[in-house]
Amino acid sequence: MAKAVSNVDVNGIGMTSQRTRERLIQRLVDQGITNLKVLDVVRSTPRHLFLDEAMAHRAYEDVALPIGFQQTLSQPYIVARMTELLLAAGPRERVLEIGTGSGYQTAILARLVGEVYSVERIRPLQQKARQRLRQLKLRNVHMNHADGGLGWPERGPYDGILATAAPERIPEDLLQQLAPGGRLVIPVGGETQHLQVVTRTHEGFDTQIVEAVNFVPLRPGTVK
Ligand code: SAH
């Protein structure tokens, strides 16, 4: 069973939102999302709470939306797809997320896995995300203001790692923080990027290339 979110402001943008949300879920199904738990959690997580007021009316469209600092909240299809890939080999207990951003993907993960460790390099984005997750009473989220390209070694190893910013090459630190059987879901590349799933096996790493994607770049260092 997925964890519930409290119903604080869940219907905050009125009755039309329920229909619009159902349309979004149908679109995700049409695009090949099959994990029912993931669909259920996307349906019942209020994406409008993760956007500034000026953008909130577009929250249930299947598009990426700006969140400030030249960053974007990922398209719902991509959030659902990456989450489904992360969970495809069974439930995950400890998940590291690189790029908290708005906190939307963090919230989706928090409702489906044991504990989420989320790293963000831009402090003001992290602070807003923290407030939203608190409002939704998601208490299994731990946040770090740091360069996520280095992972979060003190809390590892992880049986899942999900990155929402794209490095040119997969950082070695992330691979090293994967537990045996652990899965890393990550966009990789520069101008052209592909979503990759890396599984740590007893022999080494097994890489699967999934589909072309378009993420903001993973950047070094932190911003206050
Ligand atoms: N999952 C987010 C997507 C935000 S966009 C959401 O649902 O809103 C990607 C995020 O990755 C941005 O917030 C950006 O600041 C962050 N990011 C980029 N490079 C990073 C790094 N090295 N460490 C941590 N976060 C990083």
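This is a predicted model: local features need pLDDT of at least 70, side-chain atom pairs count only at pLDDT 80 or more; totals for chains, interfaces and linings use all residues.

Residues are numbered from 1 along each chain as its sequence is written, and side-chain values use heavy atoms, with hydrogens and water left out.

Select Phe 50 and Tyr 104, which form an edge-to-face aromatic pair, 5.6 Å centre to centre with 70 degrees between the planes. (Rings of Phe, Tyr and Trp, the last by its six-membered ring, pair if their centres lie within 6.5 Å; planes over 60 degrees apart are edge-to-face, under 30 stacked and the rest tilted.) Phe 50 lies in the loop between helix H2 (36-43) and helix H3 (53-56) and Tyr 104 in helix H5 (residues 104-110), so the pair ties together parts 54 residues apart in sequence. Helices (H or I, at least four residues) and strands (E, at least two) are DSSP runs, numbered from the N terminus. Phe 50 is buried at 0% relative accessibility, and Tyr 104 is buried at 1%. (Buried means under 20% relative accessible area, exposed over 50%, partly exposed in between, with a 1.4 Å probe and protein chains only.)

Next, select Tyr 117 and Trp 152, an edge-to-face pair at 5.7 Å centre to centre and 80 degrees between the planes. Both residues are buried.

Finally, select Gln 71 in strand S2 (residues 71-73).
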